[in-house]
There are 2 protein chains.
Amino acid sequence: MTSSPVPVRSRKRPEERREEILSRAADIALEQGLERITLRAVADRLGVRPGLITHYFPAAEDLVIEAFARAAIIERERFFPADGAPVARLAHFIGYIGSGASASLARLWLNARHLSRFSEPLCAAVEEQDGLDRERLSALIADGIASGDFADVDVETACIRIFIAVDGAGSYVNSAADVEHPAHKHFLADVAEWALGLEPGRLGSAL
Amino acid sequence: MTSSPVPVRSRKRPEERREEILSRAADIALEQGLERITLRAVADRLGVRPGLITHYFPAAEDLVIEAFARAAIIERERFFPADGAPVARLAHFIGYIGSGASASLARLWLNARHLSRFSEPLCAAVEEQDGLDRERLSALIADGIASGDFADVDVETACIRIFIAVDGAGSYVNSAADVEHPAHKHFLADVAEWALGLEPGRLGSAL
DNA sequence: TGGACTATTGGTCACACATTCAATAGCATC
DNA sequence: GATGCTATTGAATGTGTGACCAATAGTCCA
């Protein structure tokens, strides 16, 4: 009585199929973690046989690495607005990180940073994506300095400080404990104000 | 011609054996990561059969959790000196974290924080150890405030800020990239000075 | 329309893992 | 010195993983 499990075989253009695979793998990376990207898991989501994934990614590790990069690239656009005044862009960035909306992104980075321990190529991919984030923030900082919104600080120094604060705050993303303390919630804004020579509280409204 | 693989069976008191197992598991956690704590790996290090590990830890996950706790407890003593002036103790703490000596500890925490995603009991253990660290640092801060070395800041707030900085700096422990930039190396000391109302540079000599 | 190319399948294999359990042997106690 | 308890072994089981490969069937082109 059940519908026959007819194996509907749909043949797609290699580039398209590859995109599909990467896209699903990136979804898994964000939802469940990089170590849950298995041939079977990706194949199931696509309604396809595991062997097909191997066909496109002979080494499963490469799929994981590319999926991480894709997830990082896609998520990046959510917190780096393209335009607006420097302070507003910075406030959006900080507000986004501080809100729960970036939890899956924080988990992804925690995940990847840890897994870098076991995989040299993944480590390289992490550093590459990290570099892209830094480029974005550095550009934002440079804009703010040029416009006079930020003090005339060293861009790289400010960028490094802010990202350490981002990663520090993100460390607790998997903890059930209280990240409700004001010192927690305001840390990133506090550090950003310090790093950019803003008067304390200037970014506080972003929360 | 090879020496016969005589299975030398040495029978030990349960408490002693259990300690041995935990100790080796903690070693593996620090050296190779929590996910490398397998029945076989621990058994091999002890010259014992995997079944014996199961005998003491019917659920392997419990061994991992206890091994993490043990590693965290042992390592804690290395960076929280028992006595000395508050500033000196703080400088030791910061110097230890900043030096490469704490790399395996940073890896352990990154590891555990990530794995907390998949295991509720591990998450609880992480929070427990985290709480113990915070107790230590809070006591140190309270001492410094009482002695007048630190400003009259809120202990919990200062503690939270410093630990976010610790975890943020530790995030890059598996990266091959440059953590050599001064902003990187001084971040923890900078934050500590800010959080404790110390004049900038006061802790810098610790590096 | 027929043939070539290859995306896709279905099945298999080897490996690492935790778990289970009956059999064995060390140690303490009588 | 015999006996009982249990720490320890040896082996088997089941699951999940990546990798491999011959067979199949879409799709495109001559």
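A residue is called buried here if 20 or more other C-beta atoms lie within 10 Å of its own, exposed if 12 or fewer, and partly exposed in between, with the C-beta atoms placed from the backbone. This is a predicted model, in which local features need pLDDT of at least 70 and side-chain atom pairs count only at pLDDT 80 or more, while totals for chains, interfaces and linings use all residues. Residues are numbered from 1 along each chain as its sequence is written, and chains are lettered from A and ligands numbered from 1 in the order in which they are written.

**View 1. Chain A as a whole.** By the definition above, 40% of the 207 residues of chain A count as buried. Chain A has 9 helices and 0 strands; helices (H or I, at least four residues) and strands (E, at least two) are DSSP runs, numbered from the N terminus. The C-alpha trace of chain A spans about 70 × 35 × 35 Å along its principal axes. Take contacts in chain A between residues at least 6 apart in sequence: 61% of them join residues at least 24 apart. Two residues are in contact if their C-beta atoms, placed from the backbone, lie within 7 Å.

**View 2. Where chain A meets chain B.** Here 30 residues of chain A are in contact with 30 residues of chain B. On the chain A side, α6 (103–115), α7 (120–146), α8 (155–170) and α9 (182–196) each supply at least two residues. The largest share, 9 residues, comes from α8(A).

**View 3. The largest nonpolar core.** A nonpolar core is a set of buried Ala, Val, Leu, Ile, Met, Phe, Trp, Tyr and Cys residues joined through C-beta atoms within 7 Å. Of the 54 residues in the largest one, I162(A), L188(A), A192(A), I162(B), L188(B) and A192(B) touch the most other members. The elements that give two or more residues to this core are α5, α7, α8 and α9 of chain A, together with α5, α7, α8 and α9 of chain B. Zoom in on I162(B): leaving aside neighbours within four places in sequence, I162(B) is in contact with L137(B), V191(B), A192(B) and A195(B).

**View 4. Helix α6 of chain B.** Most of α6(B) is covered, with 11 of its 13 residues buried. Among them are W109(B), N111(B), R113(B) and H114(B). The buried residues of α6(B) pack against α6 of chain A, and against α1 (14–32), α4 (60–79), α7 and α8 of chain B.
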